[in-house]
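Reader: I am new to reading structures like this one. Could you take me through it, one feature at a time?
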Amino acid sequence: MVSDGNGKAVSDYAPEDAALLCAVGRLVCAWTMLEQSLEAKIGLLRDAMGDIRTVGARTRPSMAKLMTELRTMVAMRDRRNASALTEISAIERDIQRIDRFRALIIQGFHQPEPGGFTCRDSRNTIHHVAFDHLDGEIAALEGVASRLLAV
């Protein structure tokens, strides 16, 4: 990796930064697991409805497209019960919030700081992200995945 003088290459991170790198990796993995859970849920619903198509056979659909498909399938399944659709709306709001946080971390990572790290948002504003906050968002992602499976 190339260092621009202000930052450092990934290979230059000290062992004390391992927790930071691990936490960011956990966030990325948790998001991917959420996407896979959603794809699996849609696949189960399709099987139950007699549709044998696979999700994302050619290109990987976005999270928004997957949620739209889930909402449509649940609406067809539970025509008289709106509680599942209400839960899907709540899950979507949580996913959007976590996705904004994930984008801040992935696109705006700046440098390690005591107790966490700093990121720059699209307006170039610096935000300090504590490890506890990052762990909370990872736990929230795991909770969203279990809520999706329960819908």
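Author: Gladly. Start with a pair of helices: M63, M67, L70, R71, V74, A75 and R77 in α2 meet A84, L85, I88, I91, E92 and I95 in α3. The residues of this contact divide into ten nonpolar, three charged and no polar ones. Keep in mind throughout that this is a predicted model.

Reader: At what angle do the axes of α2 and α3 cross?

Author: The axes of helix α2 (residues 63–77) and helix α3 (residues 83–108) cross at roughly 170°, and they come within 10 Å. An angle over 145 degrees counts as roughly antiparallel, so α2 is roughly antiparallel to α3.

Reader: Can we step back to the whole chain? How many helices and strands does the chain have?

Author: There are four helices and three strands. Reading from the N terminus, their order is α-α-α-β-β-β-α. Of the 151 residues, 33% count as buried. Another way to look at the fold is through its contacts: among those between residues at least 6 apart in sequence, 59% join residues at least 24 apart.

Reader: Now to charges. What is the general idea behind a salt bridge?

Author: Side chains of opposite charge can pair when their charged atoms come close. In this structure, a search of the whole model finds seven salt bridges. One of them joins R46 and E69, whose closest N and O atoms are 2.2 Å apart. This pair links distant parts of the chain, with R46 in helix α1 (residues 18–48) and E69 in helix α2, 23 residues apart.

Reader: Is R46 buried or exposed?

Author: R46 is buried, at a relative accessible area of 5%. The cut-off for buried is under 20%, so R46 falls within that class.

Reader: Which salt bridge does R71 form?

Author: The side chain of R71 meets that of E92, at 2.4 Å from N to O. Here too the pair links distant parts of the chain: R71 is in helix α2 and E92 in helix α3, 21 residues apart. You have already seen both residues in the contact of α2 with α3. R71 is partly exposed, with a relative accessible area of 28%, whereas E92 is buried, at 15%.

Reader: What about D94: which residue is its salt-bridge partner?

Author: D94 pairs with R147, and their closest N and O atoms are 2.6 Å apart. D94 lies in helix α3 and R147 in helix α4 (residues 131–150), so the pair ties together parts that are 53 residues apart in sequence. D94 is partly exposed, with a relative accessible area of 23%, and R147 is partly exposed as well, at 26%. Salt bridges that share partners join E87, D94 and R147 into one network.

Reader: Let us turn to cysteines. How many disulfides does a search of the whole structure find?

Author: A disulfide is a covalent bond between the sulfur atoms of two cysteines. The search finds zero disulfides here. Take C22: its sulfur is 9.0 Å from the closest cysteine sulfur, which belongs to C29, and that is too far for a bond. C22 is partly exposed, with a relative accessible area of 47%. Another cysteine, C119, counts as buried, at 0% relative accessibility.

Reader: How can I see which parts of the chain come together in space?

Author: Pick a residue and look past its sequence neighbours. V24, for example, has its place in helix α1. Leaving aside neighbours within four places in sequence, V24 is in contact with I105, F117 and L134. V24 and I105 are 81 residues apart in sequence, yet 7.6 Å apart in space, C-alpha to C-alpha.

Reader: Which residues does S37 contact, leaving aside its neighbours within four places in sequence?

Author: S37 is in contact with A145 and L149. S37 is found in helix α1, and S37 is buried, with a relative accessible area of 17%.

Reader: One last topic, the backbone. What is there to notice about the phi of N124?

Author: Most residues other than glycine have a negative phi, and most peptide bonds are trans. N124 has a positive phi of about 70° although it is not a glycine. To find N124, look in the loop between β2 (116–120) and β3 (126–130).

Conventions
Residues are numbered from 1 along each chain as its sequence is written. This is a predicted model: local features need pLDDT of at least 70, side-chain atom pairs count only at pLDDT 80 or more; totals for chains, interfaces and linings use all residues. Side-chain values use heavy atoms; hydrogens and water are left out. Axes are lines fitted to C-alpha atoms, for helices over the stretch in contact, and angles run from 0 to 180 degrees between N-to-C directions. Helices (H or I, at least four residues) and strands (E, at least two) are DSSP runs, numbered from the N terminus. Angles under 35 degrees count as roughly parallel, over 145 as roughly antiparallel, 65 to 115 as roughly perpendicular and the rest as oblique. Contact means heavy atoms within 4.5 Å. Ala, Val, Leu, Ile, Met, Phe, Trp, Tyr, Cys and Pro count as nonpolar, Asp, Glu, Lys and Arg as charged, and the others, Gly among them, as polar. A salt bridge is a side-chain nitrogen of Lys or Arg within 4 Å of a carboxyl oxygen of Asp or Glu. Buried means under 20% relative accessible area, exposed over 50%, partly exposed in between (1.4 Å probe, protein chains only). A disulfide is a pair of cysteine sulfur atoms within 2.5 Å.
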